Amino acid sequence: MIDFESEIYTRVSDAAKARFPKLSVSSENVRSPTSFPYMTVCELSNTTYSRTFDSAGVEHHAIVMYQIDIYDTSGSRKSSCKSILGTVDAVFQGMGFRRVMAQPVELQNSALYRITARYSGAISTNGIIYKE
């Protein structure tokens with residue numbers, strides 16, 4: 001299995017925390033974040049790219065998808081989440097990923113704002129990412 005999850009998480013997390021020092025980041029989904037703003041960077045899927053799977057059974061590329069969830073409770077929570085997403089988006093697209101979705105998520109707690117984005121790409125065994 002081609003696995004660059006920790007490297008991708010570190011690049012995205014480091015860039016976001018450099019710009020937003022109060023941001024808490026996790027690589028796992030959390031039902032109730034305890035501090036805000038809060039962001040998760042999770043690999044949703046990692047599947048073999050069948051076009052480059054050779055007859056010896058060797059995987060040369062994988063299609064990966066990442067989901068970003070950003071939460072905030074501040075007075076400017078919507079703009080805060082969008083600003084964080086702007087930084088994250090630049091990092092993912094700079095690595096070669098394609099954004100396949102970005103949208104606010106309605107929550108029962110009206111004091112909490114959440115925006116979700118997903119990024120997809122094909123990654124090679126040496127870590128090069130291609131828009132798929």
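**Talking through a predicted model**

Colleague: Reading along the sequence, what pattern does the chain follow?

Modeller: This is a predicted model, so keep that in mind as we go. The chain has two helices and six strands. Read along the sequence, they follow the pattern α-β-β-β-α-β-β-β.

Colleague: Okay, and what share of the chain's residues is buried?

Modeller: The chain has 132 residues, and its C-alpha trace spans about 55 × 30 × 20 Å along the principal axes. To count as buried, a residue needs under 20% relative accessible area. The buried share comes to 42%.

Colleague: Let's pick a helix. How far apart are the end C-alpha atoms of α2?

Modeller: Helix α2 covers residues 77-95, which is 19 residues. At 1.5 Å a residue, the helix should span 27 Å. The model agrees with that, because the end C-alpha atoms are apart by 27 Å.

Colleague: Now His-61: is it buried or exposed?

Modeller: His-61 is found in strand β3, which covers residues 61-72. Its relative accessible area is 19%, and the cut-off is under 20%. So His-61 counts as buried.

Colleague: Which side chain does the side chain of His-61 join in a polar contact?

Modeller: Leaving aside neighbours within four places in sequence, His-61 is in contact with several residues, among them Ile-2, Tyr-49, Thr-52 and Ser-124. One of these also makes a polar contact with His-61, side chain to side chain, at 3.0 Å. That partner is Thr-52.

Colleague: What about Ser-124: which side chain is joined to it by a polar contact?

Modeller: Ser-124 is in strand β5, and at 5% relative accessibility it counts as buried. Beyond four places in sequence, Ser-124 is in contact with Ile-2, Phe-4, His-60, His-61 and Tyr-130. Its polar contact, at 2.2 Å, is with the side chain of Asn-126.

Colleague: How far apart in space are Ile-128 and Arg-99?

Modeller: Ile-128 lies in the loop between β5 and β6, and it is partly exposed, with a relative accessible area of 40%. Leaving aside neighbours within four places in sequence, Ile-128 is in contact with Ala-122 and Ile-123. In sequence, Ile-128 and Arg-99 are 29 residues apart. C-alpha to C-alpha, their separation is 17 Å.

Colleague: Last one: how much space lies in the largest pocket?

Modeller: Rolling a probe the size of a water molecule over the atoms shows where empty space is left. The lining of the largest pocket includes Val-30, Pro-33, Tyr-71 and Arg-114. Its lining residues divide into five nonpolar, one polar and two charged. The space in this pocket is about 170 Å³.

Note on methods
Residues numbered from 1 in each chain as written. Predicted model: local features only at pLDDT ≥ 70, side-chain atom pairs only at ≥ 80, totals over all residues. Heavy atoms only, no water. Helix = DSSP H or I, 4+ residues; strand = E, 2+ residues; numbered from the N terminus. Buried < 20%, exposed > 50% of the residue type's maximum accessible area, 1.4 Å probe, protein only. Polar contact = N/O pair within 3.5 Å; in protein donor to acceptor, adjacent residues only side chain to side chain. Contact = heavy atoms within 4.5 Å. 1 Å grid on protein atoms, 1.4 Å probe; cavity = no way out; pocket = protein on both sides within 12 Å on 5 of 7 lines; lining within 4 Å. Points joined across faces, edges and corners; volume = space filled by probe spheres on them. Nonpolar A, V, L, I, M, F, W, Y, C, P; charged D, E, K, R; others polar. Expected span 1.5 Å × (residues − 1).
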